[in-house]
Each structure stands twice: as structure tokens, then as C-alpha cells.
Amino acid sequence: MMAEVDLENIEVAKVVDARGMACPGPLLEAKKSIGTVSVGQTIEILSGDASTKNDLPRWAAKVGHDFLGALAGEGYDRLFITRKK
Amino acid sequence: MAAKMMIFCGSDDPQKAFPPFMLGSGALATDMEVTMFFTMSGLNIVKKGGAEKIVLPGAPKTLPEFIKVMQEGGAEMIACSAAFPIAKIEEEDLIDGVECGGVATFVIDAEAADIVLTF
């Protein structure tokens, strides 16, 4: 995982709004969306599900993408993943 | 590297709620790493005040005592958020030391485990 990434100002290729979806909705949206951006680009997933902030880092590490970190929104999390392959 | 045991706790029926703790505490005693994943009515085990209501006469410890043993032994306890509406609980209702997890947490940890038990 990269350290000290400025998530507030990071360039995002795609924002995926998965708010209102229960697990595994946000995970499946992340899986679908990461394939639609180029290697090196970053997607931002919005999720109100309490599990997503723990699930997506594990998933990214497992499948070989970079989980950059998360920011807290109001009632949801903003999670950032860079496609690596 | 320590062997890993993953236990799927999917019921608050005492006959199914106690064995994960009996076997899990034994695994800790054998220096295994243990992760417990609570979902469906199994969430009542890790709901505040829930374990006290799940009673199994003849069991070696009460459920709250077993939870303490597991937590002191370093077991990871994960509550499945997708089942929160089904069990009618919220994240704030969970006892201390329980993390929220989901499908990815379960399948990835289960793949890495040497032993997976489901109840």
C-alpha cells in the first residue's frame, strides 16, 4: 500500500456510488468498475455498508490492486483503489 | 507459522452457538489463530446483552465467559453487516472488540485458513 497519499486531492477516473447497497454490493461494484479504467487509474467507491472499509483492502490485496485508503463522508465511506494489472 | 481456524457462527440456537467456542478455545490453547465470523441469528451472540440469553445447561462455561476467553486469547471476531437488518441490529449494538466484515473478509480469510468450521 502506498503511504501518505493525499486522498482529498487525488485524481479519480471513476466514482462508483454504491451507497444504499448492502454487502456484497459495494464489493461487486468495485470488481466491475476496476475493469473499466486503465491500469494506473484510480476508482472511488462510495459505500454506506459498515463492512466495506474492511472488505475492500482485503479484496484489493488479494486480487493485486492498490487500496489507497478511505475518507469518511457523512454516513458513508469513500474508498480509493488503483488498478494495478 | 501458526495454523489458522475460521469459524462460521450462523445461529443463536445453543446447540450451534456453543460448539464454535468450545472448539475455538481449544484451537487457541493449541496455539492456532482463530477468526470467528458471526452472521444471521449468530449475530445475537455478539450483540450487547445477547450472549447472556443463550444458555446451554451442562456446558463448561457460559457464553459470555467463552467470549472473554476468545477475546483474551486474541481471536478475531467479525460481524457480518449484511445480516444486520435481518438480525435487527446496528453496528453500535455490538459488544466491544467485534469488527464489521463482509463477504470479502469471509472468503479471503477462509481461503487462508487451514480449517474452516461452519455452524
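## Strand pairing in chain A

In this predicted model, strand 3 and strand 4 (residues 77–82) of chain A pair in the antiparallel sense, over six bridges. Within this part of chain A, Leu71(A) has Arg78(A), in strand 4, as its bridge partner.

The open sheet of chain A is formed by four strands in the order 1-2-4-3, with mixed pairing. Strand 1 (14–17) and strand 3 (66–72) of chain A stand at the edges and have a single partner strand each, so one side of each is left without a neighbour in the sheet. From one strand to the next, the twist averages 20°.

## Helices across the sheet

Helix 1 of chain A lies across strand 1, strand 2 (42–47) and strand 4 of chain A, and runs at about 160° to strand 2 of chain A. Helix 2 (residues 52–63) of chain A lies across strand 2, strand 3 and strand 4 of chain A, and its direction is at about 5° to strand 4 of chain A.

## Ile34(A)

Helix 1 (residues 25–34) of chain A contains Ile34(A), which counts as buried because it has 25 C-beta neighbours inside 10 Å. Leaving aside neighbours within four places in sequence, Ile34(A) is in contact with Ile43(A), His65(A), Ile81(A) and Arg83(A).

## The largest nonpolar core

The largest nonpolar core has 54 residues, of which Ile81(A), Met36(B), Phe37(B), Phe38(B), Leu63(B) and Ala79(B) touch the most other members. Strand 1 (residues 4–9) of chain B gives the most to this core, with five residues. Not counting residues up to four places away in sequence, Phe38(B) touches Cys9(B), Leu43(B), Ile45(B), Val46(B), Ile78(B), Ala79(B) and Cys80(B).

How values were computed:
Residues are numbered from 1 along each chain as its sequence is written. Chains are lettered from A and ligands numbered from 1 in the order in which they are written. This is a predicted model: local features need pLDDT of at least 70, side-chain atom pairs count only at pLDDT 80 or more; totals for chains, interfaces and linings use all residues. A nonpolar core is a set of buried Ala, Val, Leu, Ile, Met, Phe, Trp, Tyr and Cys residues joined through C-beta atoms within 7 Å. A residue is buried if 20 or more other C-beta atoms lie within 10 Å of its own, exposed if 12 or fewer, and partly exposed in between; C-beta atoms are placed from the backbone. Helices (H or I, at least four residues) and strands (E, at least two) are DSSP runs, numbered from the N terminus. Two residues are in contact if their C-beta atoms, placed from the backbone, lie within 7 Å. Two strands pair if DSSP finds at least two bridges between them. Axes are lines fitted to C-alpha atoms, for helices over the stretch in contact, and angles run from 0 to 180 degrees between N-to-C directions.
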